[in-house]
Amino acid sequence: MKFCFSDITRLLSPEGRKFFLFICRTAGYWPRNISLYETAFTHRSAANFKHTNNNERLEYLGDAILDMLVAEILFRKMPKANEGRLTSLRAMIVSRKHLNGVAKKLEFCKKINYKASHNISNTHLPGDALEAFVAAMYLDGGLRVVRRFVRKHIANDESINTFMNTGSEDNYKSRLLEWGQHRRLQVVFDTRVVDVDGSKVPAFCSDVVVDGHWVASGEGRAKKQAEQNAAYSALLEVDKIFPIDN
């Protein structure tokens with residue numbers, strides 16, 4: 001069934017109309033299932049309070065979709081780049097710092113439903129909501145609309161060129177992944193939630209495993225922060241554990 005614009009807006013409250021228009025403008029198409037986007041902007045603190053769904057499952061899916069689409073965009077844009085370089089750039093583009101910046105630019109902070117007293121712009125929640133938003137777009141509109149959104153806002157020419165020129169000195173995860181590529185060693189980040197029940201903001205712990213061997217761990221309030229901390233600790237140890245002559 002198809003709805004015209006007036007049919008849709010007539011069914012929605014004033015706040016609902018604003019939210020619908022925000023999704024249309026941001027996603028670049030008319031959403032079919034607005035409830036997916038409502039969930040994408042609902043942090044679990046608010047969901048627990050109102051007994052509704054939260055955005056953690058969508059965040060999980062969106063993270064995987066972003067990894068795949070950014071990898072595809074870099075693969076096509078940089079035909080001569082080796083695997084290590086592509087991996088490093090992808091890690092920077094999907095980093096929490098970059099995703100938070102994109103989310104703030106898109107004014108996601110004004111839409112996140114979060115039961116807390118402090119300013120969420122200083123947390124990882126905008127980037128989390130962006131990943132959940134990507135998943136909502138994929139489930140509602142398909143891969144084509146998501147790819148267009150990612151190319152426009154996340155992995156556009158400007159951001160790719162910026163990361164190519166600035167390097168990754170402060171991105172320990174990308175440096176560790178590049179190290180693994182050069183050594184032909186598999187580097188895996190095993191990241192999990194370690195918060196206690198009732199906590200408003202989850203904490204994460206990440207283990208770095210190289211070729212099946214545990215190397216280091218790190219913790220953080222955001223998943224990517226925990227991985228960066230674990231990677232930093234791992235970089236101090238890997239050359240001792242896996243010397244070059246091996």
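**Entry 1: Glu15 and its partner**

I began with Glu15, which is exposed, with a relative accessible area of 55%. Since the model I am reading is a predicted one, I note every value here as computed from that model. Looking for a partner, I found that the side chain of Glu15 meets that of Lys18 in a salt bridge, at 3.7 Å from N to O. I then checked where the two residues sit, and both belong to helix α2, 3 residues apart, about one turn of the helix.

**Entry 2: the other salt bridges I looked up**

I listed the salt bridges next, and the structure holds 14 of them. I took the pair of Arg76 and Glu72, whose side chains meet at 3.8 Å, N to O. This pair lies within helix α5, where the two residues are 4 positions apart, so about one helical turn separates them. I looked up the accessibility of both ends: Arg76 counts as exposed at 60%, whereas Glu72, with a relative accessible area of 18%, is buried, because the cut-off for buried is under 20%.

I then turned to Arg192 and Asp207, whose side chains form a salt bridge at 2.9 Å, N to O. Arg192 is in strand β1 (residues 187–193) and Asp207 is in strand β2 (residues 204–210), so this pair ties together parts that are 15 residues apart in sequence. Arg192 is partly exposed, with a relative accessible area of 37%, while Asp207 counts as buried at 12%. I also noted one network, in which salt bridges that share partners join Asp63, Arg96, Asp128, Glu131, Lys223 and Lys224.

**Entry 3: the chain as a whole**

I stepped back to the overall picture and recorded 13 helices and 3 strands in the chain. Of its 246 residues, 49% are buried, and the chain exposes about 13600 Å², of which carbon and sulfur atoms supply 51%. Among contacts with a separation of 6 or more, 56% are between residues 24 or more positions apart.

**Entry 4: the nonpolar cores**

Which residues touch the most other members of the largest nonpolar core? I found that they are Phe41 and Val150, in a core of 47 residues. Several helices each supply at least two residues of this core, among them α2 (14–27), α5 (56–77), α8 (125–141) and α9 (143–153). The helix that gives the most to this core is α8, with 9 residues.

**Entry 5: α8 against α9**

My last look was at a pair of helices, and I kept in mind that two packed helices are described by the angle and the distance between their axes. The axes of α8 and α9 come within 7 Å and cross at roughly 145 degrees. On the α8 side the contact is made by Leu130, Phe133, Val134, Met137, Tyr138 and Gly141, and on the α9 side by Leu143, Val145, Val146 and Phe149.

Notes:
Residues are numbered from 1 along each chain as its sequence is written. This is a predicted model: local features need pLDDT of at least 70, side-chain atom pairs count only at pLDDT 80 or more; totals for chains, interfaces and linings use all residues. Side-chain values use heavy atoms; hydrogens and water are left out. Buried means under 20% relative accessible area, exposed over 50%, partly exposed in between (1.4 Å probe, protein chains only). Contact means heavy atoms within 4.5 Å. Accessible areas come from the Shrake-Rupley method with a 1.4 Å probe; for residues, only the protein chains shown count as cover. A nonpolar core is a set of buried Ala, Val, Leu, Ile, Met, Phe, Trp, Tyr and Cys residues joined through side-chain atoms within 4.5 Å. A salt bridge is a side-chain nitrogen of Lys or Arg within 4 Å of a carboxyl oxygen of Asp or Glu. Axes are lines fitted to C-alpha atoms, for helices over the stretch in contact, and angles run from 0 to 180 degrees between N-to-C directions.
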